[in-house]
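Dear colleague,

I am passing on a structure for you to look through, and below it I have written down what was found. Please keep it open beside you as you read.

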Amino acid sequence: MEIKKEATENEWIDSLTQEDFYNGYDMSDKNQSYDLNFGNSLRDKLRDLYDLLFRRRLYKVIYKNYFKQLPHEYSYVLPSKGFSFKARIQWLNKYKKIKGAKILNVGVGNGFDLPIWLRYSPKEFTGNDILIYGDSHEIVKRESKAISDTKINLYQKDILDLEVDEVGTFDIIASAAVFEHCQDMEKVAYKCFDLLKPNGMMYASYGGPLWYTYGGDHFSGRDNPKNGFNHLLLGKKEYWEYVKANVELTVDSELKAGGGGILVKLDLFSKLSSNEYLELFKRVGFTVKELILEYCPMAVELMKDKKIREALLQKYPNLNEDDFKCKTHIILLEKKA
Ligand SMILES: C[S@@+](CC[C@H](N)C(=O)[O-])C[C@H]1O[C@@H](n2cnc3c(N)ncnc32)[C@H](O)[C@@H]1O
């Protein structure tokens, strides 16, 4: 189906199907160029050093035991900043050596962060994504040859369609901002476990933000920060009216605005609570090596409103205040032999 690019009203939101979205668009980011020095500038290095020596140390003290009601252990809590992607990969490398490893990056997107991985000289890097990023992937594969001999495979495929017979097994699986969008997270977790070698490790960060916190639908609060919990508090009809009133006119303009309206329309969320993710990983067979949490400052602010706080707790009796404040999990999971 052709997706209307010059609509005068946001009628796309009624007609867009998952099939159209997954196959009708090359999502490649045309506004950003592929930087072989990504994450490695003097500014990046100074920021990472500052975060390591000062910011994270300070946060560890300030936010020690910040979450008291989440029923699982964590190493520390951050205020949604202070831990760059490059620093996280360095953290992963402490536990599982990337050099010589076979890596799978689930939901790789454009793949523009590949230089960070390539500097560690993995043996092979495979990135899959359910959406088309054809143009970006061509650029990344071609230009990366200037800095690395690592074999690079990038293609469009749902994680659930990758089979061990076809792609083999991996020493490391990584995914950034993907798990919160998987409608069948249970199957995804089992698939990742299967695709990992014994003693392999999975790095994942998910929750940009998690469903049960502020803007968990990647949309609520777009018009006014006070509406950040609309996806949790409004009735179905009221919520849909809210989305339609605030969504962009075309698919293209919505994508430029962050694409939250598309995610809402197609319901591309796993909608698990903090505890449900961790229970699932345990059930699948993973062991949590380390867990770092981020809280959402906007959620904390809104939760000071007694009406909002009580409405949330009443509507979701199985959750607690911490569930509504926790924004992201940054986790290392081990598949013990
Ligand atoms: C927020 S983007 C993050 C992209 C990239 N990891 C990054 O950090 O820039 C989430 C990505 O996950 C992909 N995704 C979601 N579900 C997927 C699945 N089942 N299999 C593969 N990719 C998936 C989406 O298509 C999207 O590109």
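Helix H8 and helix H13 cross each other in a right-handed manner. Please bear in mind throughout that this is a predicted model. Two packed helices are described by the angle between their axes and the distance between the axes. Here, H8 (residues 185–195) and H13 (residues 274–284) pack at an angle of about 40 degrees, and their axes lie 10 Å apart. That angle makes H8 oblique to H13.

Which residues meet where these helices pack? From H8 come Met185, Glu186, Ala189, Tyr190 and Phe193, and they meet Leu280, Phe281 and Val284 of H13. Sorted by class, the contact of H8 with H13 has seven nonpolar residues, one charged residue and no polar ones.

H8 also holds cysteine 192, which is buried because 25 other C-beta atoms lie within 10 Å, where 20 or more are needed. Leaving aside residues up to four places away in sequence, cysteine 192 touches Val106, Ile173 and Met202. Valine 106 is 86 residues from cysteine 192 in sequence, yet their C-alpha atoms are 8.9 Å apart in space.

Turning to helix H4 (residues 85–95), its buried residues are Lys86, Ile89 and Leu92. They cover an arc of only 115 degrees around the axis, and therefore they lie on the same side of H4. An α-helix has 3.6 residues a turn, so residues three or four places apart point the same way. Among the elements that cover the buried residues of H4 are helix H3 (42–62), helix H5 (114–118), strand E6 (196–206) and strand E8 (326–334).

How values were computed: Residues numbered from 1 in each chain as written. Predicted model: local features only at pLDDT ≥ 70, side-chain atom pairs only at ≥ 80, totals over all residues. Axes fitted to C-alpha atoms, helices over the stretch in contact; angles between N-to-C directions. Helix = DSSP H or I, 4+ residues; strand = E, 2+ residues; numbered from the N terminus. Parallel < 35°, antiparallel > 145°, perpendicular 65-115°, else oblique. Left-handed = near helix turned anticlockwise from the far one by under 90°. Contact = placed C-beta atoms within 7 Å. Nonpolar A, V, L, I, M, F, W, Y, C, P; charged D, E, K, R; others polar. Buried ≥ 20, exposed ≤ 12 C-beta atoms within 10 Å, placed from the backbone. Arc of directions from axis to C-beta.
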